[in-house]
Structure formats: structure tokens, C-alpha cells
Amino acid sequence: MAVSLSHVSYSATFTSSASKTTVPGPSLSPHSIKVPTFLPLTVKPLNSSFTPHGARAITIAPHATSTPSSIPSDTSTKTFHGLCYVVGDNIDTDQIIPAEYLTLVPSNPDEYEKLGSYALIGLPSSYATRFIEPNETKTKFSIVIGGANFGCGSSREHAPVALGAAGAKAVVAESYARIFFRNSVATGEVYPLESEVRICEECRTGDVVTIELGESRLINHTTGKEYKLKPIGDAGPVIEAGGIFAYARKTGMIPSQSK
């Protein structure tokens, strides 16, 4: 783009407030003004082989621990068989293991066994049959059947640990206090299974029962009745491994303990 200017003159008047003197400004000729010249814009057509950034293929490599080589064994075929111990609603942690026994350290084998000997010792005297017989450390009841809100009360991990140490394998209840359910999974001591009906009103202490995890059902061989249970889901492999830390080590989420 070219611009032609002819006889452009410029003058400026500068007035001093003191002397009132007029100073003529410089004269500018067309040759003293340089105007840039712009070339026409050339636009190239898009190449048909152009690939937008968003359409590029992206390959995501899986994390090293997403396909572990040592997944815990499947619980789909796991079963429990034995005598059941039936309790009612709102069995709290003080009834499962009273606070006076919380000084026992489960990581100590001797104290772990002693802790189990006090499981459900806090139940009222209305329970004529005790969960653990006097002078015994283990129970003959491998399955506990409860009502609603089982494990309510404090957040003590000793509650599921005491049941597991006593020899219980599973608890079947209508519902659980959330903290007890979580502690059962985290410690891997007992399977906290939920029933779809109030089994506690149809079973009696001493009935012979079988729990089939794969089929999610409980069979009462004494009465001949079967009951549907809610699937244990992803919590099953964690409990099977022995708790959350054991599961994490087996799946490679955290380093294995040095031997």
C-alpha cells in the first residue's frame, strides 16, 4: 500500500508565558515522511492431511499395580458351617467387648487370645446361654446372628477383633453401625453380612447353619429354611486377605514387609 503526499507542511507555535515569543516549527516535506508498504496477505489452504490435536490418538499405560500378580483368593466358593448365636437389636460395642478390656493389645498373641475370651461378655443376664463358656477362651458358635444396628456405640476396633479372636467367622445382621462394618473389613476378623429379612427372629441359638458366600445365602439346617443375604461385594477379598493392610501388600499397593 503506497501513500502519496504533496507539499505537506507543518508548523507549530510555541509560546513562552514569560516572553510571549513565537517560535516557528520545522517544515516537513513529502520526502521526509516514510510510510511503510504492506504486501498483500497470502492465505494457504488447509492441507487435507491436517490432524487436529484433539483427534490424535493417546495411549494410556496402566499403573503397575492395576494387574497384580498375587490377587487374594476368590471368596465365591467360601462357606462357613457351624452353630449360630442369636442376639437382638442395637448390640453395642460395650456389650461386644467392655471398655475395661481395651488395654489388651491384639498384636500380642497371648493378649489377642485373652481378648477373644471376653467377646460378648457384656450381654445382659437375660442371655442364658453365654457366647463363651466359663474358663474357655474360644466359642463353639462360629456364626453370630443379630438384628438392626449391630455394633453401634464407640469406634473401637477391638469389637470385631474380639469376635474373630473368639472363633467367630461371620456376623449376619439386619443392619450395622457403619463404623463396626468398616472395622470388620479393615481388620479382616469377621465377615459382616447383611440379611434381607429379620433372621434373628427365625433362628435360635444352637441352630446349625451354613453360609455360602458365592450364593449369598444362609441355610438353617435345623429348621430347613434358607435366607437370601446381600452380597459382600468388594469387601470380600479384603477380609479374605486378612484386612486392609494385608490386602494392600498382596496386591502390590504397598511394599511387602521384609522377612
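Trainee: Is Glu 240 buried, exposed or partly exposed?
Mentor: This is a predicted model, in which local features need pLDDT of at least 70, side-chain atom pairs count only at pLDDT 80 or more, and totals for chains, interfaces and linings use all residues. Residues are numbered from 1 along each chain as its sequence is written, and side-chain values use heavy atoms, leaving out hydrogens and water. Buried means under 20% relative accessible area, exposed over 50%, and partly exposed in between (1.4 Å probe, protein chains only). At 25%, Glu 240 is therefore partly exposed.

Trainee: How many residues apart in sequence are the parts tied together by Lys 78 and Glu 240?
Mentor: Lys 78 and Glu 240 form a salt bridge, with their closest N and O atoms 3.4 Å apart (a side-chain nitrogen of Lys or Arg within 4 Å of a carboxyl oxygen of Asp or Glu). Because Lys 78 lies in the loop between β2 and β3, and Glu 240 in helix α5, they tie together parts separated in sequence by 162 residues.

Trainee: And where does Asp 94, the partner of Arg 156, lie?
Mentor: Helices (H or I, at least four residues) and strands (E, at least two) are DSSP runs, numbered from the N terminus. Arg 156, buried at 14% relative accessibility, forms a salt bridge with Asp 94 at 3.0 Å between the closest N and O atoms. Their bridge ties together parts 62 residues apart, because Arg 156 is in the loop between β4 and α3, and Asp 94 is in helix α1.

Trainee: Are the rings of Tyr 85 and Phe 141 stacked or tilted?
Mentor: Rings of Phe, Tyr and Trp (its six-membered ring) pair if their centres lie within 6.5 Å; planes under 30 degrees apart are stacked, over 60 edge-to-face, and the rest tilted. The structure holds nine aromatic pairs. For Tyr 85 and Phe 141, the centres are 5.2 Å apart and the planes lie at 55°, so this pair is tilted.

Trainee: What is the angle between the ring planes of Tyr 176 and Phe 180?
Mentor: The rings of Tyr 176 and Phe 180 are 6.1 Å apart, centre to centre, and form a stacked pair. Ring pairs also join both residues with Phe 150 and Phe 181 in a cluster. The angle between the planes of Tyr 176 and Phe 180 is 5°.

Trainee: Which residue follows α4?
Mentor: Helix α4 spans residues 178-187, and its buried residues include Phe 180, Asn 183 and Val 185. The buried residues of α4 pack against α1, α3, β6, α5 and α6. After α4 comes a residue with a positive phi, near 70°: Gly 188.

Trainee: What is the C-alpha separation of Val 86 and Ile 143?
Mentor: Val 86, in strand β3, is buried at 11% relative accessible area. It touches (heavy atoms within 4.5 Å) residues including Tyr 127, Ile 145 and Cys 200. Val 86 and Ile 143 are 57 residues apart along the chain, yet their C-alpha atoms are separated by 8.7 Å.

Definitions and conventions:
Lists of a residue's contacts leave out its neighbours within four places in sequence.
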